[in-house]
Amino acid sequence: MKKILKMLFISFFTLGLLACSNDAGGGNNQDSPDNPGDVENPVEPETPEHKYISIRLGKTCETKEEISSYESFDYICDDEFEDKNAGIAKGSYYGLQLVSINYSSDYFTLSVEGNLSSQTVISKEWVNAPSYGSFYPLYIADDETAESIKITATDIYDETIKGSITFEICEKFNHEDISTTLTFDKKTFLTTDDVLFIRDTISNNKESDYNLDFSNCRFEFDKVPGSAFCTISSSRSYNWDSIIERDGSADKVLEEDGALVNIKSITLPDTIKEIGSHAFAYCYNMKLKKLPVSLQTINWDAFLYCKAITVNKVPDSVTRLGQSAFARCDGITAVELPKELTIFDISTFDDCKNISEIEIPATVTTVRSSNGATYFDFNVNAGNENYKSAGGILYSKDGKTLYKIPVSKVGYSYSIPATVTAISSNALANLDKLNTLYIPSSVITMERYAIVNCSNLKTINIDFSEKPAGWDDNWLWWSTGKTINFTGTTNENSGSFENSGSLNGTYTIKNNTSGQLKFSNGTMEFIYTGMTRNTYSYEVSGSILSVTWETAQGTFVGQFDIEETETGYKFLKKDDIALSWIGTWTHAASTDEIEIYK
């Protein structure tokens with residue numbers, strides 16, 4: 001038996017699992033170091049990467065035999081040497097798996113410190129889970145009064161190789177204690193099954209409102225399990241735009257589909273390290289003001305459509321923010337990202353209409369985009385070596401790659417800056433106001449779906465004679481109903497006002513009208529629903545170009561910032577102009593300051 005287990009142990013190491021103990025037993029059931037039976041003397045590793053034993057904790061079980069059914073997700077893989085801790089419940093069994101870098105060692109001593117009940121013990125006989133090695137069962141007595149116990153494992157051949165874990169001992173959750181205001185007088189342990197029981201109870205009592213206070217609880221594996229309080233399948237897909245256009249909001253649809261809208265508030269314990277996918281999705285009446293300070297991972301869609309939460313900071317301990325984790329959370333108006341975050345997924349805050357700006361920390365090395373709507377401006381920390389922001393738009397540090405344009409930065413028309421040479425996937429996504437887009441000849445790289453879901457985009461003018469080789473074939477999605485013009489005119493991206501008075505290039509007004517202001521071959525036109533100007537005149541005064549158009553409906557007056565050059569004048573890439581309507585012009589267009597782009 002020992003030889004079989006020895007082979008199993010070595011095969012685990014070969015697979016990179018660094019799997020642990022065999023039938024040497026735990027605690028007081030081990031052979032003496034001086035009499036190790038028929039096991040060969042251990043070989044010291046030449047260059048051990050670590051000098052510790054990791055103690056992996058298994059899930060809650062009612063009996064010792066259940067440990068043999070453990071699967072990969074049923075134990076915590078935490079390779080910290082000290083200060084590991086977890087919650088456990090009285091009257092329960094847990095499997096402890098020992099993992100040592102000293103793979104030749106087959107023997108460990110195990111000790112329990114702090115227990116006040118003689119029934120709280122580590123079993124002398126291990127349990128083998130076929131796919132995941134051997135586990136020493138730990139039993140916590142019903143009458144245990146200690147608040148915590150500490151387990152220490154030591155390699156009997158090298159006492160410097162050891163590890164420990166501290167368990168906080170909690171009461172078992174009594175299913176009969178659930179009420180609409182769920183609080184806990186005693187420290188309580190919640191298994192995944194307990195959490196799902198609470199969810200189903202709430203779902204079956206839709207006429208009652210629930211306020212959940214888990215601040216005095218310890219969740220199994222310190223994780224809010226996936227779909228913990230979500231009764232809608234994670235595979236369910238909604239056409240949000242269609243629902244909102246029809247009903248004004250998705251509230252009614254989600255409630256009819258079974259969302260737990262009767263959860264009014266929730267408080268989470270500071271021991272939580274992970275929030276599972278869809279954990280609170282669609283609980284749109286649930287108030288939550290702060291996240292646990294110990295949090296490390298927030299999985300995808302964790303708080304999807306939780307409109308009432310008002311969290312304004314993601315704890316600095318968080319290293320992973322999943323896709324759409326806070327999507328459509330309109331109650332969030334400002335948010336601070338973790339200071340040490342390295343990957344930022346923009347979709348985390350998709351469709352959050354009330355967040356005005358998010359600062360990307362200096363530590364971020366990767367920004368992942370999405371095809372959702374981004375309403376917030378980007379503000380990149382000056383110390384970031386990979387990205388920068390300009391006017392709320394996200395670029396690479398050198399400004400050559402365009403990563404993301406917020407919805408608020410684009411109106412009727414938009415011109416890609418001439419400094420941009422590459423446009424990444426989803427850079428222009430869900431820009432619903434955009435009608436006309438200008439792409440300069442500087443853009444030699446266009447990634448797959450760089451322009452996506454711009455439903456009102458009708459015209460794309462491209463300063464090439466044909467699609468460049470560096471553009472992905474699917475750079476635009478979708479192309480139906482769009483006119484693509486390969487103008488192939490010039491590499492100069494700003495119009496010029498020469499001494500001769502000619503105005504070259506094409507410009508479009510960005511406002512809430514469908515009007516276009518055009519300068520082409522020395523001719524200036526203001527076009528609106530097929531009507532053009534009758535006459536026009538212009539005057540240069542310093543750095544201001546004033547232009548007047550007379551139309552059948554009245555007179556349009558505009559002022560443009562220009563810059564003098566050796567040969568004359570050129571328009572700045574982006575100018576604020578003031579509109580004033582004179583005469584009989586009656587269209588209810590904006591008279592606020594608007595922007596003009598090429």
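**View 1. V452 stands opposite W477 of strand β33.** The model is predicted: local features need pLDDT of at least 70, side-chain atom pairs count only at pLDDT 80 or more, and totals for chains, interfaces and linings use all residues. Residues are numbered from 1 along each chain as its sequence is written, and side-chain values use heavy atoms, without hydrogens and water. Strand β31 (residues 451-452) pairs with β33 in the parallel sense over two bridges. Strands are DSSP runs (E, at least two residues), as are helices (H or I, at least four), numbered from the N terminus; two strands pair if DSSP finds at least two bridges between them.

**View 2. Three strands form an open sheet in the order β28-β31-β33, with parallel pairing.** Because β28 (428-429) and β33 (476-477) each have a single partner strand, one side of each edge strand is left without a neighbour in the sheet.

**View 3. D251 and K307 form a salt bridge (a side-chain nitrogen of Lys or Arg within 4 Å of a carboxyl oxygen of Asp or Glu).** This pair links distant parts of the chain, 56 residues apart: D251 is in helix α4 (residues 251-256), and K307 is in the loop between β17 (297-298) and β18 (320-321). D251 is buried at 18% relative accessibility, whereas K307 is partly exposed at 24%. Buried means under 20% relative accessible area, exposed over 50%, and partly exposed in between (1.4 Å probe, protein chains only).

**View 4. D377 forms a salt bridge with K409, with the closest N and O atoms 3.1 Å apart.**
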